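Have the coordinates open as you read.

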Amino acid sequence: MASKLAADIVKVGAVRLRGAAHRPAPSLFYMPGLASRADWGGAAGLERRGFAELAAAVRRMEASADWLRDEYAAAKAARARDGRGASDYADGGEHGLHGGDWNWLTYVDKGAVSEAFAREAPVTAQLLASVPRLMTESPFGFAFFSALGPGAEIRPHCSPMNLRVRVHVPLVVPKGDVGLGLAGGELRWEPGKALVFDDSYVHHVWNRGDGDRVLLLFDVWHPDLHDEEIEAIKAMFAPDRGS
C-alpha cells in the first residue's frame with residue numbers, strides 16, 4: 001500500500017547569500033531536489049526537458065496572443081463603462097515592490113480561481129484552465145493580465161519558494177527600454193513569444209517605453225514535482241476545517 005505523503009516546513013541550517021544573483025534565494029522556504037535554472041528557455045526548453053504537455057500549452061497561448069490581447073482590452077473597456085476599478089491589484093505582500101502603475105486583471109489570486117474573470121475573458125480563462133498543473137489551491141499561485149505603465153518598475157526580489165515556474169506571454173510591448181532582469185542577465189519580451197523562468201532567482205522589471213507593457217502571467221507547479229507531492233503541499237496550506 002502506498003504511503004500517504006504529508007508536507008511540513010522544517011527549519012534547517014543554511015547559508016544564504018544576500019544579493020546572490022546566480023542562485024535561487026526564495027524568501028520563505030526551499031524544497032530540495034527540484035531542477036534549478038533561471039531561464040527555462042520558453043516552450044522549446046520545456047519540450048527538450050521532456051515536459052511536452054506543458055510546452056504544448058505554452059504554444060497554444062503563444063498562438064492565441066492576438067486573441068488574448070483583444071480580450072484583455074475588451075475586459076478593461078467593459079470595466080471602465082461599468083464604473084468598476086480597472087485593476088485587481090492590491091499593493092502589499094509579495095508584490096509590494098513596485099513604483100509606478102501596475103494593473104492586474106486576475107484569474108488566479110493566491111490559488112483561488114475567479115469566476116468573474118471567466119465571464120470577462122472566457123477564452124483566456126479556458127486556455128488557462130487547460131494548462132497542465134496550473135498552480136491553484138496554493139497561496140503561491142497567480143494568473144493575471146499584467147499591465148506595467150510607462151516609467152514603472154518592479155524592484156529586485158525573489159519568490160517566497162521554489163515550487164513554481166512562471167510563464168509570461170507578452171501581448172503588448174512598447175517601443176523603448178523594456179525588460180526583465182533575471183539572475184544577473186536580461187530577457188526581453190517579444191509579442192507572442194513566451195518566457196518561462198524560475199522567479200525564485202533575483203529578478204526585476206522595468207518599462208522605460210512609450211506605453212503600457214501588457215502580458216498574461218501564470219504560474220505552474222514545478223515540473224519535477226510528483227502529483228502526490230503537490231497534493232501534500234496543497235494540504236499543508238489548506239484552511240483549517242476543524243470543528
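How do the residues of the lining of the second largest cavity divide into nonpolar, polar and charged? They divide into 4 nonpolar, 4 polar and 1 charged. The model is predicted.

## The second largest cavity

This cavity has a volume of about 40 Å³. Its lining draws on Pro24, Tyr30, Leu34, Ala35 and Ser36. Asn162, Asp198, Ser200 and His222 complete the lining.

## The largest cavity

The structure holds 2 cavities of 30 Å³ or more. The largest has a volume of about 120 Å³. Its lining comprises 12 residues. Nearest the centre lie Trp102, Ile154, His168, Val205 and Leu217. Strands S5 (153–157), S6 (164–172), S10 (203–209) and S11 (213–221) are the elements that each give two or more residues to this lining.

By residue class, the lining of the largest cavity holds 5 nonpolar, 5 polar and 2 charged residues.

## Helix H5

H5 spans residues 122–129. Its buried residues are Thr124, Ala125, Leu127 and Leu128. Viewed down the axis of H5, they fall within an arc of 165°, so they line one face of the helix. Gln126 and Ala129, on the other side of H5, are exposed. The general rule for such patterns is that an α-helix has 3.6 residues a turn, so residues three or four places apart point the same way.

What do the buried residues of H5 pack against? The helical partners are H2 (52–63), H3 (65–81) and H4 (115–120). The strand partners are S2 (102–109), S4 (142–148) and S11.

## Helix H3

Which residues of H3 are buried? They are Ala65, Leu68, Glu71, Tyr72, Ala75, Ala78 and Arg79. Down the axis of H3, these buried residues fall within an arc of 150°, so they line one face of the helix. The buried set includes Glu71 and Arg79. On the other side of H3, Ala80 and Arg81 are exposed. Gly83 follows H3, and the phi of Gly83 is positive, near 70°.

Note on methods:
Residues are numbered from 1 along each chain as its sequence is written. This is a predicted model: local features need pLDDT of at least 70, side-chain atom pairs count only at pLDDT 80 or more; totals for chains, interfaces and linings use all residues. Side-chain values use heavy atoms; hydrogens and water are left out. On a 1 Å grid over the protein atoms alone, a cavity is a set of points where a 1.4 Å probe fits but cannot get out, and a pocket is an open set with protein on both sides within 12 Å along at least five of seven lines; lining residues have an atom within 4 Å of a point. Grid points are joined across faces, edges and corners, and a volume is the space filled by probe spheres set on the points. Helices (H or I, at least four residues) and strands (E, at least two) are DSSP runs, numbered from the N terminus. Ala, Val, Leu, Ile, Met, Phe, Trp, Tyr, Cys and Pro count as nonpolar, Asp, Glu, Lys and Arg as charged, and the others, Gly among them, as polar. Buried means under 20% relative accessible area, exposed over 50%, partly exposed in between (1.4 Å probe, protein chains only). The arc is that of the directions from the helix axis to the C-beta atoms. Contact means heavy atoms within 4.5 Å.
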